[in-house]
Amino acid sequence: MGEVALPLSVRLLDGAAGFSYAACLALFFRPFVRGRGKRWKKAAPVFFSYLFCWFCCGSLLPQAFSIPLMALFILPAGDMAGIERTSALLLLLFYFCTKICAGLTVGSLYSVLDSCFPLEAVPPEMAGLRSGVAVALLLLVHLLLLGALLNLLKRQLLKRWFVPDRRELCYLGILPLAGILFGRMVAGLLFEEKDGVLLLLYERHPGFLLLVPLLAALFYLGMLFATAFEQGMLRLREEREAAFVQRQQAQAIRGRLEEWERTNTDIRQLRHDLRGHLNNLRGLAQGGHYQEIDAYIARMDAQLSGYEPGIQTGNAVTDVVINDKRQQAAQLQIDFKADFCYPSSKGYDAFDIGVILHNLLQNALEACEGVEAGQRYIVLTGRQKGAFFLLEVKNPFAREAALEEDGLPATIKRGEEPHGLGLPGVRRTAEKYAGEMEITMQGQEFCITLLLQEKE
């Protein structure tokens with residue numbers, strides 16, 4: 001290989017490596033960009049920040065400062081992509097640790113193959129070409145291994161993605177940081193010159209051929225298992241909180257149910273006393289006591305004012321929930337329509353259905369508050385079809401919203417609480433009945449559909 005071709009090949013390989021590593025980083029960040037659609041464009045700042053650091057700063061600063069420098073540039077790029085600062089820092093630590101672990105593994109594998117299958121000597125003009133081909137193959141294998149490891153780590157993170165707080169960042173970031181420092185230490189010890197001869201670490205200490213990739217694998221598996229453990233702890237905390245909230249909601253429903261039963265008892269008593277009231281009114285009319293009649297009727301009207309007939313669903317629990325929400329909707333000038341019939345099958349727990357209705361209708365009420373008066377509505381339907389119970393709630397919404405990867409809605413504007421705070425709990429309750437929850441948005445209408453299967 002000529003004197004001009006060799007530097008050109010080195011630059012081409014360096015450029016290909018920079019573009020490839022930047023693409024791996026952007027692909028790793030892409031699923032965690034906020035919102036749906038155009039995620040490639042939002043992840044572009046991460047890609048170009050890495051390229052800038054690779055080409056412009058990599059040759060100016062010592063290797064030990066390259067990762068902190070990249071972090072300084074990539075973290076603001078993560079902000080532009082809509083990724084929280086703690087999330088971007090954790091993803092960066094995971095990426096660089098995985099990259100170093102893959103590099104150590106490939107380097108050890110190359111040393112093993114080189115010692116087992118030594119190459120024959122070649123003329124000087126061919127040595128450069130062979131070295132270039134070897135470096136290109138090493139780069140390709142490293143990229144393939146890096147891509148596979150990042151994909152496995154990304155899939156684990158997406159099983160239950162969460163924005164880490166500072167405590168979780170410290171807990172999850174210690175291991176990848178230790179892996180990065182280990183890789184830098186091995187890189188510093190990789191070459192040593194003795195008596196004018198350049199010696200490799202693996203030639204001086206052959207046992208490191210097995211020890212280095214083993215430690216690299218342990219660092220990577222440690223990241224993977226620590227993430228899974230933290231996700232499990234978070235899921236456990238959420239289930240406990242959801243169980244507490246459901247108990248509170250069930251207690252509130254029981255309290256309202258007792259009030260409802262007392263009201264029904266009063267209504268039955270009033271109907272029983274109605275004949276006596278009519279006889280009293282007849283006696284007052286025959287005696288010509290018309291003023292007393294007006295006062296008597298006024299007292300009866302006041303007594304009856306609290307007994308407005310409500311929606312009858314066929315179950316006392318759902319009667320309480322739906323009528324409570326109907327009264328709240330009337331106060332907010334929301335047109336409330338309900339075509340709900342409680343399933344006749346005994347395979348459903350009334351309090352489970354009540355909790356589902358409470359959460360769905362409460363979310364619908366909160367969404368309608370942001371809609372102009374006159375355009376507010378809630379449509380509730382519930383019907384049993386064979387062994388299934390179909391429940392649907394429709395309402396308008398005014399805020400900009402999108403569906404996330406898990407199918408749940410979230411607002412795009414920062415600083416706002418997402419619409420659907422109780423939807424994860426609704427989904428968990430639906431799963432008790434081998435059910436499914438589907439969320440659709442058409443224009444400015446939000447629709448949640450639940451399909452529940454009766455328990456045997």
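Strands (E, at least two residues) and helices (H or I, at least four residues) are DSSP runs, numbered from the N terminus. In the hairpin of β4 and β5, two residues lie between the strands, and Gly386 takes a positive phi near 65°.

The model is a prediction in which local features need pLDDT of at least 70 and side-chain atom pairs count only at pLDDT 80 or more, whereas totals for chains, interfaces and linings use all residues. Residues are numbered from 1 along each chain as its sequence is written, and side-chain values use heavy atoms, with hydrogens and water left out.

On to the pairing with β9, strand β5 (residues 388-396) is joined to strand β9 (residues 445-453) by nine bridges, and the two run antiparallel. Val393 stands opposite Ile448 in β9, while the bridge partner of Lys394 in β9 is Cys447. Strand β8 (residues 436-442) also runs antiparallel to β9, with seven bridges joining the two; here Glu436 has Leu451 of β9 as its bridge partner, and Glu438 has Thr449. The hairpin of β8 and β9 has two residues between the strands, and in this hairpin Gly443 takes a positive phi near 65°.

Taken as a whole, five strands form an open sheet with mixed pairing, in the order β3-β4-β5-β9-β8. Because β3 (335-340) and β8 stand at the edges, each with a single partner strand, one side of each is left without a neighbour in the sheet. Neighbouring strands of this sheet are turned by 10° against each other on average, direction ignored; angles run from 0 to 180 degrees between N-to-C directions, and axes are lines fitted to C-alpha atoms, for helices over the stretch in contact.

Two helices lie across the sheet. Helix α10 (residues 316-331) lies across β3 and β4 and runs at about 165° to β3, whereas α11 lies across β3, β4, β5 and β9 and runs at about 15° to β5. The helices α10 and α11 pack at an angle of about 10°, with their axes 8 Å apart, and are therefore roughly parallel to each other; angles under 35 degrees count as roughly parallel, over 145 as roughly antiparallel, 65 to 115 as roughly perpendicular and the rest as oblique. Among the residues of α10 that meet α11 are Val317, Val321 and Ile322, and the α11 side includes Phe351, Leu357 and Leu361, contact meaning heavy atoms within 4.5 Å. By class, this contact of α10 with α11 has ten nonpolar, five polar and one charged residues, where Ala, Val, Leu, Ile, Met, Phe, Trp, Tyr, Cys and Pro count as nonpolar, Asp, Glu, Lys and Arg as charged, and the others, Gly among them, as polar.

The axes of helix α11 (residues 350-369) and helix α12 (residues 423-431) come within 10 Å and cross at roughly 155°, and α11 and α12 are therefore roughly antiparallel to each other. Their contact is made by Asp352, Ile356, Asn359, Leu360 and Asn363 of α11, together with Leu423, Val426 and Thr429 of α12; by class, it has four nonpolar, three polar and one charged residues.

As to confidence, the protein chain averages a pLDDT of 79, and 75% of the residues score at least 70, pLDDT being the predictor's confidence in each residue, from 0 to 100. Among the elements of the chain, β5 has the highest mean pLDDT (93) and strand β7 (residues 409-411) the lowest (56). Over residues 411-421 the pLDDT is below 50, although this stretch has 28 contacts in the model beyond near neighbours in sequence.

Key:
Pairing = 2+ DSSP bridges.
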